[in-house]
Amino acid sequence: MHIVDGALSGEVLIGGAVATAAGIGLGLRSLPVDKIPTAGVLSAAFFVASLVHVPIGPSSVHLILNGLAGLVLGWAAFPALFVGLLLQAVFFGFGGLTVLGVNTLNIALPAVAVYFLCRHGMAAASPVTAAVWGAVGGGLSIALTTGLVALTLALSGDAFLPAAKLVFLAHVPVMAIEAALTAAAVFLAHRVKPELFRAVPGSIHGARP
Amino acid sequence: MKRVTPLLLLGVLCVAAPHGAEAHKVIAEAYASGDVIEGEIGFSNGDMAIDVVVEVFDDAGNKIGQTRTDGDGFFTFPPTRKAVHVFRANLGAGHIAERRLEIADLPPIGETAGPEPAAPGTAGLDRAERDLVAEMIRREIGPLRREIAAYKEQRDLQTILGGIGYIAGLFGIGFYVAGRRRNRDG
């Protein structure tokens with residue numbers, strides 16, 4: 001899922017960096033003070049999730065957990081995932097520093113999209129309903145990310161459809177695992193701390209009943 | 001803190017989960033082998049890049065030629081001129097293998113199999129014997145080379161904990177700054 005240095009053209013790199021900078025700006029503005037620790041924990045979870053590998057045929061893919069980050073953080077997923085990606089690049093050599101912008105965009109934009117799509121479902125009174133929406137969000141964010149990865153590769157010269165098919169098919173098991181994982185996390189959080197999914201970006205205080 | 005407990009648990013689970021093979025990093029090697037450049041391309045988990053086109057460029061980016069990897073990820077390329085050789089292979093899905101071979105590391109070019117002055121330390125061996133010895137050494141260090149490449153990719157618990165520490169610190173600073181700002185404003 002991490003595109004490496006040298007695989008993309010300069011225009012795509014610059015475009016990705018600019019879009020990511022805008023996303024981080026938006027995310028930091030919408031991050032209330034008491035959500036900062038949550039963002040940190042999700043960033044750390046994303047950081048280590050990349051080490052959990054799912055073997056698939058000759059290759060293997062890893063967990064991403066961007067859906068969960070998006071569902072909880074909304075736009076603030078941008079800075080959280082950016083930090084995770086930055087440290088993955090520095091510590092593990094995943095991706096690279098020049099492609100950081102594109103990689104952040106590919107992973108954080110689906111997270112934000114999922115947040116807006118599943119926002120109402122997340123606020124449902126029943127934990128089961130919320131968990132189902134969580135599963136949808138967890139799986140969908142991976143699917144969207146594969147689409148974006150294929151698109152960025154296509155913009156740099158690869159043919160879109162074969163690349164998209166390849167990346168998408170490789171990540172079907174990850175989608176299933178992340179859907180289950182996100183559903184479980186949402187279910188748990190819904191019972192233990194329901195306001196986690198209720199805080200509206202921009203509000204200073206999370207809604208505490 | 002209570003609200004983040006489930007997530008923290010998830011993070012711990014992720015760390016504790018057995019780490020599978022890493023398919024991320026692409027490893028490319030190239031070295032002089034007799035009269036040709038030999039190399040191998042694969043992933044850091046030991047999977048090799050099978051039947052992939054390897055393009056060869058010089059320092060300025062001009063294409064010198066191309067070759068293909070075999071069923072074990074190996075390729076050979078006979079160099080035709082003294083130049084920096086850059087081997088590039090696109091393994092798909094954003095994986096690019098690249099390996100530079102400096103001029104000093106190139107195999108002898110243009111030297112035919114005729115008699116040549118024996119290098120110091122190889123006195124008493126004719127060319128065939130020397131080639132044989134070189135071939136044996138290459139075969140011996142092949143696994144070592146792979147092991148070193150895999151070792152370079154290894155990440156241990158310290159690295160992971162270090163990364164998490166950085167994240168905690170970064171967000172701690174953010175928290176501190178935001179908290180101060182809020183105290184000042186309110």
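In this predicted model, A:Ala77 touches A:Gly27, A:Ala69, A:Gly70, A:Ala108, A:Ala111 and A:Val112, if residues up to four places away in sequence are left aside. A:Ala77 also belongs to the largest nonpolar core, a set of 82 residues in which A:Leu42, A:Ala69, A:Ala77, A:Leu81 and A:Ala108 have the most contacts. Helix H5 of chain A, which covers residues 100-122, supplies the largest share of this core with twelve residues. As a general background, nonpolar side chains in soluble globular proteins tend to be buried together.

A:Leu65 is found in the loop that lies between strand S2 (59-62) and helix H3 (66-73) of chain A, and its phi is positive, about 65 degrees, although A:Leu65 is not a glycine. Most residues other than glycine have a negative phi. Is A:Leu65 buried or exposed? A:Leu65 counts as buried, because it has 32 C-beta neighbours inside 10 Å, and the cut-off for a buried residue is 20 or more.

Further along chain A comes helix H6, which takes in residues 127-155, 29 residues in all, and reaches 41 Å from its first C-alpha to its last, close to the 42 Å expected at 1.5 Å a residue.

Among the contacts in chain B between residues at least 6 apart in sequence, 51% join residues that are at least 24 apart.

The average pLDDT of chain B is 72, and 70% of the residues score at least 70. Among the elements of chain B, helix H1 (residues 5-16) has the lowest mean pLDDT, 49, while helix H3 (residues 157-185) has the highest, 86. Over residues 12-23 of chain B the pLDDT stays under 50, and the model has 25 contacts beyond four places in sequence for this stretch. Residues 112-118 of chain B also have a pLDDT below 50, and this stretch has three contacts in the model beyond near neighbours in sequence. Where pLDDT is low, the predicted coordinates should not be read in detail. For the complex, the predictor gives an ipTM of 0.73 and a pTM of 0.68.

How values were computed
Residues are numbered from 1 along each chain as its sequence is written. Chains are lettered from A and ligands numbered from 1 in the order in which they are written. This is a predicted model: local features need pLDDT of at least 70, side-chain atom pairs count only at pLDDT 80 or more; totals for chains, interfaces and linings use all residues. Helices (H or I, at least four residues) and strands (E, at least two) are DSSP runs, numbered from the N terminus. A residue is buried if 20 or more other C-beta atoms lie within 10 Å of its own, exposed if 12 or fewer, and partly exposed in between; C-beta atoms are placed from the backbone. The expected span of a helix is 1.5 Å times one less than its number of residues. Two residues are in contact if their C-beta atoms, placed from the backbone, lie within 7 Å. pLDDT is the predictor's confidence in each residue, from 0 to 100. A nonpolar core is a set of buried Ala, Val, Leu, Ile, Met, Phe, Trp, Tyr and Cys residues joined through C-beta atoms within 7 Å.
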